[in-house]
Each structure stands twice: as structure tokens, then as C-alpha cells.
Amino acid sequence: MYRLRFHGRGGQGARVASKVLGTAAFLDGYYAQDFPLYGAERRGAPVAASTRIAEDPIMERGVIPEPDIVIVMDETLLQDPLTMPLSGLKPGGIVIINTTNSPAEAKAEYKINANVLTLGITKIGLDMLGMPILSTLAGGVAARIVGLSEDSLTEAVKKVLSSIITDKKLLDKNVAAALYCFNAITPIETKIELKTIDTNKKKSTVISLPFEPAAVSSPAINATGNTPLRMTGNWRVFRPAWNYEACTRCMICVARCPDGCILINEDGYPYTDYDNCKGCLICVEECPTNTLGKVMEVHAKKVIGN
Amino acid sequence: MLTGNAAAAWGVRLAEVDYIPVYPITPQTEIIETLAGWISNGVMDSRFVTMDSEHSMLTAAGSASATGARAFTATSSQGLLYGFEMLYAVAGWRVPLVMVNVSRGLSSPITLEPDHNDVLAARDTGFLQIHCETCQEVLDSILMAYRLAEDERVLLPIFVNLDGFYLSFTREPVAVPDVEQVRNFLPLYQPKHAFFKASQPMAQSAAVLGGSSYSYFKYQMHMASQNALAVYKEVCDEFETGFGRNYDTVEGYMLDDADYVLVMTNSFSTLGKAAVKAARERGIKAGLLRLRLLRPFPVADLKAAIGGKKAVAVIDQNISIGKGGILHSEIASCLYNEKHRPLLLSFIAGLGGKNISPDEFEFIITKMIEGEDTEDAGTAQLIYTDKEWQEMGRLKGMAGKG
Amino acid sequence: MAGNGAIKRDGGKGVKDMVMERIKSIKDIPPEENMLPGTPTCAGCGGLLALRHCMKALGRKIVIVNAAGCFTLLTIYPYTPFKNSWLYTAMACAPAGAQGIRDALDILIKKGRLDPDENLKVVVLTGDGSAYDMSLSSTSGAINRNLDFYYICYDNEAYGNTGVQWSGATPFASKTGTTPPGMLSPIGAELAKKDLFAIWNSHKPPYLATISPAHPVDLINKFKKAEQYKGPKLFIALSPCPPGWGIDPSYTVKLAKLAVDTGVWALKEAVFGNLKHTVVPKRFKPVEEYLKVQGRFAHLFKPVRQEGALNKIQEGVDEYWNRHKLLL
């Protein structure tokens with residue numbers, strides 16, 4: 001069995017990618033199962049979806065804890081301590097990363113000890129679809145890695161998308177983009193076989209839950225103001241970037257941020273709380289002086305690094 | 001002489017309840033009217049508010065309890081079902097709300113007289129449940145209910161159940177305890193776990209994502225409910241010391257040497273006791289077990305009371321459509337692993353307040369004796385008489401269904 | 001309290017006491033954040049922006065009573081963005097929850113079991129699905145009982161938390177999951193948005209206002225004005241919803257402004273039933289400017305322009321402002 005886990009952000013298309021892959025596998029005659037994990041998080045928040053492909057009926061359900069293949073649709077997730085997209089990846093497994101870096105660079109940068117493939121599908125998406133929605137592209141990449149056919153991929157993209165979008169041109173563009181990605185990536189030889197692999201799970205011990213009084217065991221929160229621990233800064237695809245030369249300290253950006261992520265420094269200048277800023281970019285849209293611009297997230301890190 | 005409803009109101013008055021949100025429904029309304037009168041006349045220092053529905057009423061009662069006040073409310077039947085969502089919610093808040101349910105059959109067809117499908121529908125909510133046989137017991141149970149619910153080892157809301165009409169509107173002698181004595185038994189509610197105050201903000205009833213957190217919170221409620229079995233015994237002993245009346249989790253009547261046992265709840269148990277007495281006069285070693293505490297279910301006490309008996313007939317004044325008597329199922333599951341388990345028969349009787357006559361009890365007792373001989377418990381049976389069948393025929397004719 | 005010391009209560013009679021300070025510009029918005037970041041709401045959530053300003057006006061001595069909706073997810077165990085208290089109730093009954101808390105605080109203070117300094121303002125927080133539909137009964141009851149509470153409805157014009165379906169707040173011709181434009185129903189939602197303001201105002205509550213996340217000065221001044229009244233103080237915030245309305249998250253504020261500038265969302269208040277508009281555009285922009293930028297109205301323009309529907313929407317807006325003799 002192939003167990004694949006897609007990691008993306010709400011709105012990027014991880015859920016649809018897993019559906020495209022599942023459908024393509026089904027069309028190629030395999031047993032398939034796809035499953036999105038809905039959390040409370042919304043657009044921009046890390047999301048995961050799972051696809052299982054097998055020659056025999058699949059006797060598993062739910063999130064894949066130990067995937068053979070992980071598709072990281074958003075590079076920034078690799079540094080997200082809460083998402084940990086590579087968790088559980090099996091020895092000899094494959095990681096596919098949406099990045100413009102080479103596999104060697106990505107391996108070094110993120111200290112990955114597994115087979116790595118890279119393809120900059122965000123750029124392909126922007127070029128071919130005009131938007132950074134990556135569902136069919138990631139589906140195309142994954143279909144190639146597990147050895148599905150081009151015909152089934154084409155059919156699967158049509159099937160899955162026709163229930164979501166009505167724009168025929170956009171659908172055709174998605175087919176083209178999926179096939180482009182399918183052919184742009186070279187599968188690598190791995191030890192994974194298309195049959196169920198027994199996983200070496202650590203054994204869990206079932207315990208007797210101890211009683212705790214209601215002061216402890218009611219679903220009440222006695223802490224206050226602790227959501228910043230969630231670090232929603234990892235949702236960003238683009239970040240607001242500051243050029244203070246033009247800033248008049250008008251405070252419009254401060255008043256417009258839904259999350260209260262623009263703070264004021266000692267000199268009265270606003271700045272972004274990047275740990276929590278979700279990257280909605282309302283501040284960029286509303287800034288009357290071009291103090292604020294937007295920069296793609298991974299790129300921004302490098303600029304800061306320099 | 002007090003009705004069951006008036007006895008309930010007296011319990012609330014003696015418990016010096018702070019807050020009473022209400023919504024009228026027959027046959028419960030007399031409780032809230034009585035309380036409204038006392039509050040209006042200043043003999044009770046409580047805040048009283050009529051809400052827009054039982055759903056709102058339960059929410060207000062629960063949220064007042066979550067703020068740290070001692071709250072009370074009451075309903076019946078359809079009203080209980082209308083507020084049903086909030087039963088689970090309020091129990092999950094872990095607040096010690098005491099609520100009276102005056103049992104009444106559920107629509108459709110709509111009716112007024114009692115059976116226990118209303119309160120038993122709430123058996124999985126997290127509310128504890130005490131079911132009463134007499135008006136005295138109603139008053140006393142409300143005092144015990146606050147003690148039990150407010151105990152830190154428990155902290156769950158609780159129902160005190162009484163039958164509509166047969167208790168709610170029935171007057172019988174009730175001893176009203178002295179308020180000082182009640183204060184000794186039931187001290188002021190001072191919550192350490194759920195309150196709202198400016199100096200200690202608290203986000204109550206937060207959402208939970210993920211099955212392991214959810215399982216934790218739910219199972220803690222179950223364990224708190226299980227704790228209530230032992231706490232109940234303490235409360236029961238203390239109540240007996242203070243007021244001289246004993247209310248165990250289950251009550252046996254001519255049970256010790258009995259071979260054939262009726263299991264019943266609520267006010268019709270009185271009829272069952274009379275039938276047992278009559279059977280004894282005929283030389284049959286009959287007895288009766290009345291279940292008083294239904295949540296938590298007193299498994300050990302039940303086993304001790306009926307284990308080793310020859311035959312037990314569970315008379316369910318309720319019906320789980322498609323399965324049968326609810327208490328029969330619950331009792332059967334308690335006895336399954338016992339070595340000396342009695343033959344267990346199931347009868348549905350008293351639905352919608354239908355009387356259970358001495359003849360009908362006699363039929364049930366006879367069935368137990370026959371069953372013991374043949375070792376066959378038979379299938380569940382509705383207790384319904386030929387006369388009632390004939391009368392039903394007459395009504396159908398009048399309804400044009402002849 | 002939002003930094004305004006000398007506000008006197010009117011003892012329930014609603015006599016205005018003009019001690020409150022109005023703010024004049026965005027620079028005057030109180031800097032304290034009473035709701036911290038890191039919540040799971042969508043990037044660019046219009047409702048959250050409105051709430052953030054409400055929280056600044058309300059201060060920290062409050063308890064929020066929340067109904068099922070997107071904002072249920074503000075407190076997910078073990079996290080809360082608030083420095084104040086909170087109770088999640090259920091979808092139909094947040095105002096009833098507020099009743100229980102208010103009454104309990106009052107009786108505990110009266111009986112000397114709670115220090116008056118520990119008192120809290122009670123604030124109901126619901127989405128439009130609850131406010132317009134499911135909790136009308138409990139809200140009407142609370143207003144009728146003159147419950148001393150605040151009510152904030154973040155109105156994103158659909159059941160947003162379940163993935164955007166039609167609610168009583170959904171405007172005519174909007175596309176939602178349950179009003180999909182199709183061959184037989186090319187318009188989408190065929191019913192008009194309920195006038196919740198009018199429904200509430202028929203109770204003549206002490207204070208009732210519409211607010212917008214794009215008009216924080218107006219918003220905060222309304223809360224300040226409301227503060228003097230004992231009884232229900234009700235607010236409806238039109239809250240652009242990026243996924244529900246089909247807009248880029250960065251466009252939330254622009255769209256909230258457009259709603260006001262086109263006359264779709266009238267900023268107004270009513271004191272004991274007496275209505276006054278607080279922001280009236282000097283020149284109304286055509287409603288089409290507001291509609292055409294939203295995915296939920298895209299079917300009114302492509303593949304076929306739905307002239308009839310577009311006219312009907314504009315006419316509805318014109319009729320409103322004509323009725324109030326404010327259309328210039």
C-alpha cells in the first residue's frame with residue numbers, strides 16, 4: 001500500500017490534491033481512499049489530507065500517521081513546529097517539496113534525512129492558472145511518483161474539478177498544469193512496494209484514566225490570552241514588508257488588522273508581529289503611503305537572512 | 001398535607017436557592033407558581049424569571065450555576081425535550097444544578113399523565129437522577145440532591161423526578177424540616193471550579209478538537225458520576241441522622257426472604273407494594289425492589305438485592321420503541337455475569353399513566369412463578385386488559401375507525 | 001471600562017448624560033488589545049476586526065456569552081485569546097445564558113457573596129445564523145425583560161462555520177452552499193435579507209446600532225454612547241468573510257467600506273426606538289461596485305448579466321434611503 005500525506009494551507013488545495021490522486025488511482029484499477037482532516041483552522045492555516053492506494057481492500061481509516069510519501073505543498077510548513085509535516089515518515093520514504101530549491105539544497109536547509117524531490121509548483125500555478133491554487137499540480141506530481149497513468153490523471157482532474165468549478169477554460173488549464181507537473185518530476189527508486197507494509201509502531205499501553213476533580217477536569221480554561229502560543233504566523237504565504245521611509249505613523253494599519261498583529265515601537269512606528277500575523281495583507285491594501293508591501297514568505301526569510 | 005409539587009417547592013425554599021428561571025408546563029406549573037408567590041411575598045430571597053422556553057430556562061439556570069449561584073428549575077415531558085440540548089451542555093459545564101422533572105408521557109400522541117420516557121431519555125446526559133415515590137421523598141430528595149451535586153467529588157447536575165398527577169397533584173402528609181437544621185445539612189454553595197468574577201477570568205465550556213481531549217472530559221464526567229454512588233451513601237447517612245428518614249439508592253419491600261421480586265420506580269411502586277402484600281397473604285414469597293437512584297446506576301446494591309432470587313419482573317413504565325423496557329435492559333446487563341442470576345422477566349405497564357390494577361400485578365407474579373418452573377422468561381409483554389381492549393374498540397368506533 | 005471614568009448610569013430611564021468622551025480619529029482608538037492574536041479565524045476575518053474594536057470599547061471586566069458559530073472557535077481548549085471570562089452556550093440561547101449570568105451576579109452581590117468590584121458586564125457574541133434565525137426567541141425575551149447586557153452580532157450573511165450556507169441574513173441573489181445558482185435558479189438566494197435591526201428595534205431597546213469593521217471610530221463611539229444605558233445594548237456588525245463572500249483576505253476592509261459607501265449597509269443607531277443615521281455617504285456609489293468584486297455575486301455578471309436582479313438590488317437600496325429621506 002502507498003500511504004501519502006499532503007500538507008498545505010487552507011485554500012491551497014491539499015484536500016483536492018488528495019482527491020485527484022485517489023480518483024486517478026481508482027481509475028487505474030486500484031483500491032483507493034482519500035480523507036481530509038478538517039480542523040478549526042481556516043484559509044491559510046495548515047491542513048493535511050491523506051490518500052491510500054493499494055491492490056487489496058484497504059483496512060485502515062483516518063489520518064496516515066506513518067506515510068510512505070509526504071507532499072509538502074507549502075515550504076514554510078517544514079519549519080512549523082506544530083505541523084511537523086515529516087512526522088512519521090517511513091525509512092526510505094519520499095518527500096516532495098514545493099520549492100524552487102534543488103533537492104540537495106532543500107535537504108540541507110531543512111535537514112531532511114529521506115529521499116527528497118522538489119518542484120516549484122507555486123510558480124507553475126501562477127504561470128499556468130494565474131493563481132496559487134495547487135491542488136491539481138500536487139495531484140499530478142503525486143500521481144507520477146506512485147506510477148499512475150497520464151490518462152487516469154487527466155480523467156481524475158476533470159472528474160474532481162467539474163464538481164467544484166464551472167469555468168471550462170480554467171478546468172482545461174488545470175489538466176494542462178497537472179500533466180505538466182506529472183512530466184516535470186522524475187520518480188526515484190525506493191524500497192516502497194505496492195503492497196501493505198507492516199509498520200513498526202511503538203506499542204501503546206492502555207491505562208485506566210485517573211479521576212480528577214471538576215476544578216481540573218471541566219473544559220474550562222483558567223489561563224488568559226494564551227492564543228499567541230499557537231503562532232499563526234506560520235499561515236502566511238505572503239508577508240507584509242515595511243519601508244519606513246514613507247511611514248507617517250497614521251495608525252491606519254494598526255486599526256485595520258483583524259488579529260491585532262501590528263504593534264507600536266518606542267518611536268511610535270508600527271511593526272508586524274510576525275509570530276502571529278496570518279498574512280491577510282489588509283495592512284498592505286490599506287496603507288495610504290506605500291510603506292507596506294508584500295513579499296513571498298520563503299523569499300522574505302532569505303532577504304532577512306542577508 | 002402537601003402535594004408533590006408543593007413539597008418540591010418547599011425543598012427549594014429550604015435549600016435557600018438563589019436563582020430560579022422557569023417556564024410553565026403541566027403538570028409542573030404549581031411548583032413555580034408556589035415559588036413565585038413566596039418570592040413575591042418576600043419569604044424567599046431568590047431571583048425568579050420566566051424565560052421564553054425550556055431551552056432558555058435551562059441555559060439560564062446552568063449559566064447562573066456556572067457563575068456560582070445555587071440554581072433551581074423544573075419542567076416536564078415536552079419541555080424537557082425542548083431543552084434537551086442544554087442538558088448535555090450544562091452537565092458538561094460540571095455545575096450542580098438541581099432540576100425537578102414531573103414525569104409525563106411524551107407526544108405523539110400528546111397526553112398529560114405520567115410515564116418515564118421523558119426523564120429516562122435524559123439518562124445519558126450526565127445529570128444524576130433520583131426518582132421519588134412519595135411527596136415527603138420529593139422534599140427530602142431536593143435537599144439531598146444539592147448536597148450530592150455540590151460535592152467536589154461529583155459536581156454534576158441532578159434530576160429529582162416525581163410522577164405527574166400521582167404525586168404532583170396528590171396531597172399527603174409531609175413533614176417540613178426546620179430551616180436551621182437544613183442549613184447544617186446543606187451549607188452555602190461556594191464553588192472553587194466554576195464562577196465568573198473580574199479578578200479571576202475563566203473561559204468556561206471551551207471547544208475541544210480531537211478525540212483524546214474529548215474522551216478525557218467525557219469520561220471524567222462518568223467517573224464523577226460513579227463517585228456519586230459512595231457520596232450518596234454519606235449524604236444518605238447524614239440525612240438520616242439529621243432528619244430521621246432513610247433513603248438508600250434502592251428500597252426493598254418484603255425483599256429479604258422473597259423469591260419473586262417486582263422491580264419498579266416512582267409512585268406506582270406503592271401499588272406494587274400493595275400487590276406484594278396481597279401475594280404474601282396468598283402464601284407467595286413476593287417482594288419489591290424500588291430503584292431510587294437511577295444515575296449513577298446502583299449496580300452493586302441492585303445485585304445484592306436481587307442476586308439469587310428465583311425470578312424478577314421488571315415493570316417498565318416506559319418503552320424504548322424497538323427494544324422494550326429500558327430498565328429491563330439496564331438490569332439485565334448488571335446481572336449477566338452473575339453466577340446466581342434470577343430469571344428476568346420484562347413487562348411494560350403504566351404508559352401514559354395507565355393504572356396497574358391488582359389483577360395485573362397478580363398476572364405478573366403468576367408469570368414469574370410459571371417462568372421459574374419452565375425456566376423461560378418469555379418475551380417482553382405490555383400489561384393491557386381485555387376491558388381496556390374493549391374500551392379501545394369503542395373509542396376507535398367513535399373515531400370512525402370501526 | 002474603556003478609559004472613560006465619569007459615565008453615570010441613568011437608573012434605567014435612559015436620560016442621556018453627556019459625560020462620555022467621543023473619539024475623533026483612528027489615532028484616538030484605545031491602544032490596549034483585549035483580544036490577543038493567534039485565533040483560528042480565517043486570515044482577513046471581518047468579524048474578528050469588528051470584535052477587536054468592540055473589545056477595546058468594552059474593556060476587560062466582561063464575560064462573553066457565545067453562541068455556536070465561527071467565534072466558538074476563539075476558545076479551543078486550552079487556548080483563549082481573551083483576558084476576560086467566557087461561556088460557550090449553544091446556538092439558540094446565548095441571550096438566555098447572559099440572563100443567568102447577569103441575574104446570578106446581581107443576586108450574589110446583593111446577598112454579599114460577591115464583592116461589587118468583581119462585577120462584570122455581560123456580552124453576548126453570536127453570528128448571524130444564531131441572531132437572525134435560531135436565537136430570535138431568546139433574544140426577544142432578553143430585550144423584553146430589559147436584561148442589562150451587550151449583544152454583538154457578527155453578520156457575515158451566511159452560516160459561515162459550516163462552510164457558508166444560506167441564513168436569514170443572506171442577501172438576495174447571494175450564492176451560498178444551499179443557494180447555488182443553477183439552470184432553474186440563476187439568481188442564487190431568492191429571499192431578501194431579514195431586517196434584524198427593525199425586528200430588534202420594535203422592542204424599543206435603550207440602544208441599538210449597526211457597526212462596520214471599516215468604521216472603528218463610529219463603532220467605538222457607539223459603544224461609548226451605549227454605556228450610559230441600563231438594559232439591552234445591541235450591535236450588528238456587517239462582517240465581510242473572505243471565503244464566504246469570495247474575496248481576497250486583503251480586501252475585507254475595502255469591501256466593508258464599499259458596503260457603507262454604496263448604501264448597502266446603513267450605519268445607524270436607535271435610542272429607545274428613535275432612529276438616527278450616523279454615517280451617510282455624501283454621494284452613494286452604485287451598488288454594482290460592491291457586488292462585482294465578490295465571488296458570491298459573480299453569477300450576476302457572468303455568463304449572463306442578470307439585469308433584473310441587479311436592478312432589484314439597487315432599487316432596494318434606493319428605496320431604503322428614500323424612505324429615510326437621505327438619498328441626495
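Two residues count as in contact here if their C-beta atoms, placed from the backbone, lie within 7 Å. Keep that in mind for the helices that lie across a sheet in chain B, and for the face where chain C meets chain A. This is a predicted model, so to speak: local features need pLDDT of at least 70, side-chain atom pairs count only at pLDDT 80 or more, and totals for chains, interfaces and linings use all residues. Residues are numbered from 1 along each chain as its sequence is written, while chains are lettered from A and ligands numbered from 1 in the order in which they are written.

**The sheet in chain B**

- Six strands of chain B make an open sheet, ordered S10-S12-S11-S14-S15-S16, with mixed pairing; strands (E, at least two residues) and helices (H or I, at least four) are DSSP runs numbered from the N terminus, and two strands pair if DSSP finds at least two bridges between them.
- At the edges sit strand S10 (250-253) and strand S16 (381-382) of chain B, each pairing on one side only.
- Strands S14 (residues 311-316) and S15 (residues 343-348) of chain B run parallel and are joined by six bridges, and Val314(B) stands opposite Ser346(B) in S15(B).
- Helix H10 (residues 269-281) of chain B lies across S10, S11 (260-264), S12 (286-291) and S14 of chain B, at about 165° to S12(B); axes are lines fitted to C-alpha atoms, for helices over the stretch in contact, and angles run from 0 to 180 degrees between N-to-C directions.
- Helix H11 (residues 299-306) of chain B also lies across S10, S11, S12 and S14 of chain B, running at about 10° to S10(B).

**Helix H5 of chain B**

- Met86(B), Leu87(B), Ala89(B), Val90(B), Ala91(B) and Gly92(B) are buried in helix H5 (residues 84-92) of chain B; a residue is buried if 20 or more other C-beta atoms lie within 10 Å of its own, exposed if 12 or fewer, and partly exposed in between.
- Those buried residues of H5(B) pack against helix H3 (54-67) and helix H9 (211-243) of chain B.
- Just after H5(B) comes Arg94(B), with a positive phi of about 65°.

- Most residues other than glycine have a negative phi, and most peptide bonds are trans.
- Phe165(B) is not a glycine, yet has a positive phi of about 65°; the residue sits in the loop between strand S7 (158-163) and strand S8 (171-172) of chain B.
- Phe165(B) is partly exposed because 18 other C-beta atoms lie within 10 Å.
- Val164(C), also not a glycine, has a positive phi of about 75° and is found in the loop between strand S4 (149-155) and helix H5 (196-201) of chain C.
- Val164(C) counts as buried because there are 24 C-beta neighbours inside 10 Å.
- Ser108(B) and Pro109(B) are joined by a cis peptide bond, omega about -5°, and Pro109(B) lies in the loop between strand S5 (98-103) and helix H6 (117-121) of chain B.
- Lys302(C) and Pro303(C) are joined by a cis peptide bond too, omega about -5°.

**Where chain C meets chain A**

- 37 residues of chain C are in contact with 37 residues of chain A.
- Helices H1 (46-58), H7 (242-245) and H8 (252-261) of chain C each supply at least two residues of the side that touches chain A.
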